[in-house]
There are 2 protein chains.
Amino acid sequence: MTSQAGSGGASTVPDVFDPGGGANLTRVRAYNERLVMSLVRRHGSLSKADIARRSGLSAQTVSVIMRALEKDGLLMRGDPVRGRVGQPSIPMRLNPDAVYSYGVKIGRRSCDLVLMDFVGNIRLQLHQTHAYPMPEEILSFIVEGIPKLERMLTEEQRGRIAGVGIATPFQLWSWAEETGAPREAMARWRGFDLRDAVAARTHHPVLMQNDATSACGAELIFGVGASYPDFIYFYIGSFIGGGIVLNSALFSGRSGTAGAVGPLQVSDRNGKPQQLLKIASIFVLENLLRERGIDPKPLWYSADEWIDFGEPLETWIQLTAAALAQAIVSSASIIDFSAAVIDGGFPGWVRERIVAAIRKAAGELDLEGVILPDIIEGAVGAQARAIGGASLPLFSRYLIDTNVLFKETA
Amino acid sequence: MTSQAGSGGASTVPDVFDPGGGANLTRVRAYNERLVMSLVRRHGSLSKADIARRSGLSAQTVSVIMRALEKDGLLMRGDPVRGRVGQPSIPMRLNPDAVYSYGVKIGRRSCDLVLMDFVGNIRLQLHQTHAYPMPEEILSFIVEGIPKLERMLTEEQRGRIAGVGIATPFQLWSWAEETGAPREAMARWRGFDLRDAVAARTHHPVLMQNDATSACGAELIFGVGASYPDFIYFYIGSFIGGGIVLNSALFSGRSGTAGAVGPLQVSDRNGKPQQLLKIASIFVLENLLRERGIDPKPLWYSADEWIDFGEPLETWIQLTAAALAQAIVSSASIIDFSAAVIDGGFPGWVRERIVAAIRKAAGELDLEGVILPDIIEGAVGAQARAIGGASLPLFSRYLIDTNVLFKETA
DNA sequence: TTTTAATAATTCAATTTGATTTATTTATTG
DNA sequence: CAATAAATAAATCAAATTGAATTATTAAAA
């Protein structure tokens with residue numbers, strides 16, 4: 001039965017890979033608490049009886065859990081709802097001030113530090129622009145920015161900060177060529193562990209994740225996640241990236257690069273196989289503009305201030321849409337996603353045009369045997385990456401996550 | 001924050017999609033029991049202390065669980081292992097006779113009914129060939145075959161049958177054209193629910209799953225699953241199909257079609273975008289042989305009796321490998337699979353040549369930004385689909401499955 | 001060769017945790 | 001006032017953990 005297993009490619013293979021660890025009572029409680037909070041978050045507000053029905057837990061269990069969460073300040077009771085037979089129900093909702101967390105977004109032209117509350121509102125914010133990102137500069141921006149923001153909080157509020165989540169492109173050094181940053185300068189990112197560096201200079205827990213994956217996470221918690229249990233997310237930035245949600249959970253994979261989407265093979269307009277990121281990225285539009293003697297700078301001032309560049313923009317949109325349509329069909333035949341979510345560093349009217357073009361292009365492909373996912377626009381907006389970063393510490397402490405139940409077996 | 005969510009494509013969208021239900025004590029126990037059995041299965045045999053270390057559960061808990069499983073006849077104790085300091089350990093292994101289950105494979109030219117034991121050995125077997133599969137014939141074969149096999153078992157053994165698992169291609173009627181079956185006859189599969197029909201005529205629980213997904217499941221439990229926590233699986237039959245394993249669990253997706261892989265977009269030799277199944281399927285080889293005036297029948301007698309057709313076979317292998325290489329790279333940029341497993345309805349030497357050709361072809365693609373999965377041969381062999389079918393009832397009752405912990409909230 | 005120490009596997013008994021069950025109270029509509 | 005639904009208190013039950021004890025073995029010292 002288990003005769004031979006092929007000789008494998010290059011990497012070494014673990015002898016036997018164990019499934020997750022065991023479950024116990026304490027973990028069940030932690031899991032159920034997170035479940036309750038996730039349900040409340042999803043629906044805005046729910047009564048204890050509602051939660052009991054939706055979770056399948058007994059009313060008493062839910063009552064105990066929710067009273068504890070209320071006592072901890074995580075939940076707040078709303079005004080009793082009358083008008084139906086029986087005792088009025090008391091809707092419970094998340095206390096926006098229960099938990100804060102920092103989100104950092106590192107971009108090609110700018111860097112953001114935001115303080116987000118428990119329901120996803122940005123409360124405080126710092127912004128810095130740069131010609132190209134440098135490790136030392138970014139590090140100071142973060143570790144000096146944090147106390148700067150904290151001076152605007154009370155002692156009590158500072159105690160409710162869950163941590164710092166950094167959303168950054170991976171392998172920053174490989175940007176150099178296309179973005180015009182000096183190669184030697186960018187090479188300094190190699191071997192520089194930003195997470196460790198920040199962690200060494202703040203007492204908050206620090207988490208780091210790919211920027212597109214983070215934006216995807218923001219969409220899961222605060223955007224389309226409530227409507228779609230699984231989706232593939234594309235974030236069109238300087239380079240296109242993405243993320244994946246399965247069973248209402250961010251799936252980042254064994255190596256953390258699931259949903260990278262950039263290297264997806266698509267056919268270009270000449271029918272040649274090509275990587276998706278060589279077509280559906282903003283740097284391509286930038287080059288297109290330069291070729292036509294147009295100054296591409298307006299692309300970088302602010303995502304909301306693009307001007308309509310006319311023909312080159314339309315050309316780029318068409319090529320991008322054709323490539324994304326293929327990518328969506330391919331991904332749908334691997335995982336039956338219920339939606340493909342499109343967002344990026346551009347204004348809403350560009351996103352709208354891209355989505356419309358993708359829908360059109362997808363309709364023209366051979367769809368036999370595939371169920372085409374709903375192709376929709378992202379709902380979170382320009383700060384998706386920073387918000388996704390900020391939600392990392394929330395994920396790790398308050399949001400539903402199957403892994404809460406199982407022990408680490410290291 | 002949650003302003004607009006795009007207008008969606010065609011399908012209707014649920015208002016809010018809830019996460020899974022709550023967890024409780026009984027379910028924790030059920031989960032831990034399955035975990036113990038999965039660990040024992042993976043490793044062949046393990047002592048209680050080994051299980052405690054690997055699961056993170058306390059020694060006492062493991063002791064209680066395993067004694068109960070032994071009492072139920074699911075586990076057997078082996079000979080004490082001496083030679084190390086301390087009390088000798090008692091290796092526990094699965095009792096092969098603890099549970100039996102039926103597996104059905106419906107194929108283009110034949111149908112199999114097997115009785116599998118708890119460790120994946122086929123104990124009894126029926127085989128039937130046909131020009132093309134017809135609902136009534138298949139149904140009689142199954143419901144008459146079951147009592148036929150059961151007459152060879154003792155009363156006691158019959159009581160230990162977990163159920164029937166059917167592995168079948170979906171949408172059988174859409175085969176007609178390429179396989180030369182009469183279109184009207186195949187149309188009878190439309191609206192025929194084989195699962196219900198079988199369930200109505202046997203007292204065993206009946207489960208059904210796509211044939212390629214089933215083969216993938218067999219590979220997970222009895223094949224390469226122990227070495228790779230996540231992989232994409234390709235089964236090259238009349239039409240190529242596949243399956244997906246994530247976190248050591250079969251992922252079949254919302255609609256059950258995850259891992260269908262057939263509609264994956266790849267470039268054909270002329271650079272045109274084409275569906276994978278139009279290139280990497282055995283019916284293509286069949287047509288190739290016919291074009292050259294060669295009788296393709298040897299393809300269908302038995303998977304192990306192919307003859308070397310020379311040039312047309314080599315051509316098909318090269319085209320198939322080129323297409324699969326692209327499919328693997330695309331899938332790896334969506335999910336960072338650790339392996340791509342190749343199997344199909346052909347002899348081992350063909351599989352070997354295909355895998356070698358894929359490795360070569362993959363090396364020639366643009367791999368920037370992707371980690372190429374190990375490309376390996378399937379380890380289970382010709383009966384993978386039937387074995388995968390038979391393991392469905394095992395999955396549903398004895399194998400680890402995160403869902404065991406959570407309530408159905410319907 | 002005998003004795004003693006160390007170690008590992010296993011199990012027993014008591015404790016703790018947390019969900020469920022049952023019964024009760026409260027607030028509302030019709 | 002009857003019916004109904006929400007919420008909760010007390011008692012019960014299931015299962016994992018903790019700490020201690022038992023058993024079987026090897027390794028090393030006398």
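**Close-up views of a helix pair and a cavity**

**View 1. Helices α10(B) and α12(B) cross with right-handed geometry.** A right-handed crossing is one in which the near helix is turned clockwise from the far one by less than a right angle, a left-handed one anticlockwise. The model is predicted: local features require pLDDT of at least 70 and side-chain atom pairs pLDDT 80 or more, whereas totals for chains, interfaces and linings use all residues. Residues are numbered from 1 along each chain as written, chains are lettered from A in the order written, and side-chain values use heavy atoms without hydrogens or water. Helix α10 (residues 282-291) and helix α12 (residues 311-334) of chain B pack at about 145 degrees with axes 10 Å apart (axes fitted to C-alpha atoms over the stretch in contact; angles from 0 to 180 degrees between N-to-C directions; helices are DSSP runs of H or I, at least four residues).

**View 2. Residues of the contact between α10(B) and α12(B).** Ile282(B), Val284(B), Leu285(B), Leu288(B) and Leu289(B) meet Pro312(B), Leu313(B), Thr315(B) and Trp316(B) (heavy atoms within 4.5 Å).

**View 3. The largest cavity has a volume of about 140 Å³.** A cavity is a set of points on a 1 Å grid over the protein atoms alone where a 1.4 Å probe fits but cannot get out, and lining residues have an atom within 4 Å of a point. Among the 10 lining residues, Ser38(A), Arg42(A), Ile221(A), Leu399(A) and Ile400(A) are the closest to the centre. Helix α1(A) contributes the most, with three residues.

Terms used. Helices (H or I, at least four residues) and strands (E, at least two) are DSSP runs, numbered from the N terminus. On a 1 Å grid over the protein atoms alone, a cavity is a set of points where a 1.4 Å probe fits but cannot get out, and a pocket is an open set with protein on both sides within 12 Å along at least five of seven lines; lining residues have an atom within 4 Å of a point. Grid points are joined across faces, edges and corners, and a volume is the space filled by probe spheres set on the points.
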